[in-house]
Amino acid sequence: MKILMVNKFLYPRGGSESYMLSLGAHLEKMGHEVEYFGMYDEKNTKGNSAEKYTQNMDFHSNGAGRFLYPFKIIYSFEAKKKIMQVIERFKPDIVHMNNINFQLTPSIIYGIKKKKIPLVQTVHDYQMICPNHLLYNFDKNCPCEKCVNGSLISCIKNKCIHGSAVKSVLGVVEAKLYSWLRTYKKVDLFICPSNFLEKKLLVAKKYYKGKTKTIHNFINKEAFAPSDRKEDDYIVFAGRLSKEKGIGHLAETARLLPEYTFRVAGSGPDADILKSIPNIRLEGFLEGETLTELMKSAKVLFLPSVCYENCPLSILEAHSMGVPVVTMNSGGMAELVKDGVTGTLVNEPTPEKIALKIKETVENEDYYKSLRENCRNEKDNILSVETYSDILIGEYEKLIVR
């Protein structure tokens, strides 16, 4: 089978890129032909035989070309033209989109469907129903669903995109345009990493019905195997240090629990909130074996996100290593953690309630032991890239036959 993977970045950069590159590598290992389309960058690790990519757009540059960005990020004639050239040369059996907005734009959907090729999209965030992609209000530091079924004007009023009125207007224009054109109706299948996200899509637009399928993300199960090492008495957080990830909750909870050490792996704009708290150890940005070892020896993984997480890999990785999770009873987090079985869900996201739940989790010895044992057993329910790929190929084949 010939598969064209599409993503705006074609090098390891974030979650969607790691997903696409790992998946593509395994599909090739299975014997399929895989090529990639996206934006040109010197850091690209994948490409296509036609050697066609869109022009690099650096939103932080000061060059004259930046003045054309407001037009290019809404509809890219360049991306549409070049993906059709790639398709003409490679002749894929299926196209699999990932993150495409702003740098590629949904204009490529028209190019793909003009060639009458089945089209799959993995929905990595809430972009299709929320202009800032997060269902989150940065000013009020709380979840927000006003754009799901209501007017998008609240996005402009609240400057939901990077605190910028101009960017928020552009985001709303893009969302309105493709909603009016019903562009996403042309996609044949949406892969949703959580039931939560799938339900939000189905509520937002009727034409998604029958086109969605939830498949939880996969992990490298060998890398995150359970350890026989005794856990240490620390609580670990791994992620971006920003408000929507619950950094405020983390800071206040640590103050309420001075007897516990909180080890924090990550970097981000709000790191300073954590610096003056004695029982918080900032480990900086970690990855690979260093991060794995930190998580593997932790008492629990603490995920206090304020926003609706989709399908956090950190939860899957922690469970695979036998580490219980304390997180919020919302979003995709709530469907990954079985309350009282593989971790503890917090119903009232206040520092006081969170601190109480952490104490209940780690200080009740019998309860804690049962959580660790259940997490080890949960590993069998977590998808590997091999199992995920088999499921995906099955979906590809259905679309090709249809």
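A cavity is taken here, on a 1 Å grid over the protein atoms alone, as a set of points where a 1.4 Å probe fits but cannot get out, with lining residues having an atom within 4 Å of a point; its volume is the space filled by probe spheres set on the points, which are joined across faces, edges and corners. The model is predicted, so that local features need pLDDT of at least 70 and side-chain atom pairs count only at pLDDT 80 or more, whereas totals for chains, interfaces and linings use all residues. Residues are numbered from 1 along each chain as its sequence is written, and side-chain values use heavy atoms, with hydrogens and water left out.

Three cavities of 30 Å³ or more are present in the structure. The largest cavity holds about 90 Å³ of space, and its lining includes C130, C144, C147, C155 and C160; α5 (146-149) and α6 (153-157) are the elements that give two or more residues to this lining. The second largest cavity, with about 40 Å³ of space, is lined by T54, Q55, M57, K72, S76, E78 and Q103.

Helix α4 (residues 107-114), a helix being a DSSP run of H or I with at least four residues, is mostly covered, six of its eight residues being buried, that is, under 20% relative accessible area with a 1.4 Å probe and protein chains only. These buried residues are S107, I108, I109, Y110, G111 and I112. Just after α4, K116 takes a positive phi of about 60 degrees.

Notes:
Buried < 20%, exposed > 50% of the residue type's maximum accessible area, 1.4 Å probe, protein only. 1 Å grid on protein atoms, 1.4 Å probe; cavity = no way out; pocket = protein on both sides within 12 Å on 5 of 7 lines; lining within 4 Å.
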